[in-house]
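Please look over the protein shown here, with an eye to its pockets, its nonpolar cores and its aromatic pairs. The report below takes these topics in turn.

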Amino acid sequence: MSENRRVHPFNDYVDSSFVELLRRQSPHLLPGGGAADTPDLPHGTTVLAMRYRDGVIMAGDRQATAGYQVASRRIEKIFKADDLSGVGIAGAAGPAMEMAKLFQTELEHYEKVEGDNLSLDGKANKLGQMIRMNLQAAMMGLAVVPIFAGFDEKAGTGRLFKYDITGGRYEERDYDAQGSGSKDARDSLKKLWKRDMPRDEAMRTALEALIDAADEDVGTGGPDLVRGIFPSVKLITRSGFGEVADDEIRRVCEAILAARTTTGNGG
């Protein structure tokens, strides 16, 4: 009997969901598990995702705010989920980064236990479940509302998904943005986005949208030429998840700002 007691607990770990394991064993480690009503915690602001010819592009500004102050000028908001997908975080910065890291672990755990990768729809559903688990914290002001995007190998195209704070999942066909500057970013993408854009045009469009958001939204950080801080841009294609080098992002941002200088109105 004593031997059986030692053996049986290991069966609890044979589960394809790492999140369910944490829920049973250490619920305090889940995002929002120890949430308190602290309204001035750092919040990430604007992230976006859009389809282009080779897949999907994700981009985000680098600023986090705490109330009316800048909490960080160099926060990273776009994370690799696995080789073919990424997640962009907006909302309470701490829980959002925890959720992104836990989501990475969840996908790795599933692959090791099941011996296969989740489909892109399956990954999107998993993230929705994690957002739903954070609902209690969201009601206390620690909302996390990410964007999820990836390359669907079966469909041969990039796809992107948005969420609400209850974990509701909604697929967007072309583009979307989240965060305090999301409306201005979407307005910009509505004018600039075109189907099957090549890489360079897609990257410029994404950066134009973030600069437009920074121009209208106090929470969104624009390119900082003095400190050398620029938005982060990631590309997800059939070849995998890749980062665009800072030097290339700088050149595109400088070209955008130089072109806008000639108009005198920032547009």
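A pocket is found on a 1 Å grid over the protein atoms alone, as an open set of points where a 1.4 Å probe fits, with protein on both sides within 12 Å along at least five of seven lines, and its lining residues have an atom within 4 Å of a point. Grid points are joined across faces, edges and corners, and a volume is the space filled by probe spheres set on the points. The model is predicted, so that local features need pLDDT of at least 70 and side-chain atom pairs count only at pLDDT 80 or more, while totals for chains, interfaces and linings use all residues. Residues are numbered from 1 along each chain as its sequence is written, and side-chain values use heavy atoms, with hydrogens and water left out.

| Largest | about 450 Å³ | six nonpolar, three polar, 12 charged residues |

Of the 21 residues lining the largest pocket, Asp82, Leu84, Asn117, Leu118 and Lys123 are the closest to its centre. Helices (H or I, at least four residues) and strands (E, at least two) are DSSP runs, numbered from the N terminus, and α3 gives the largest share of this lining, four residues. In the second largest pocket, His43, Thr45, Thr65, Ser180 and Gly219 lie nearest the centre, among 18 lining residues.

A nonpolar core is a set of buried Ala, Val, Leu, Ile, Met, Phe, Trp, Tyr and Cys residues joined through side-chain atoms within 4.5 Å, and buried means under 20% relative accessible area with a 1.4 Å probe, protein chains only. The largest such core has 27 residues, and those with the most contacts inside it include Leu48, Met203 and Ile249. Helix α7 gives the most to this core, with eight residues.

Rings of Phe, Tyr and Trp (its six-membered ring) pair if their centres lie within 6.5 Å, and planes under 30 degrees apart count as stacked, over 60 as edge-to-face and the rest as tilted. There are three aromatic pairs in the structure. One of them, Tyr175 with Trp193, is tilted, at 6.1 Å centre to centre and 55° between the planes. Because Tyr175 lies in strand β12 and Trp193 in the loop between α6 and α7, the pair ties together parts that are 18 residues apart in sequence.

Methods: Buried means under 20% relative accessible area, exposed over 50%, partly exposed in between (1.4 Å probe, protein chains only). Ala, Val, Leu, Ile, Met, Phe, Trp, Tyr, Cys and Pro count as nonpolar, Asp, Glu, Lys and Arg as charged, and the others, Gly among them, as polar.
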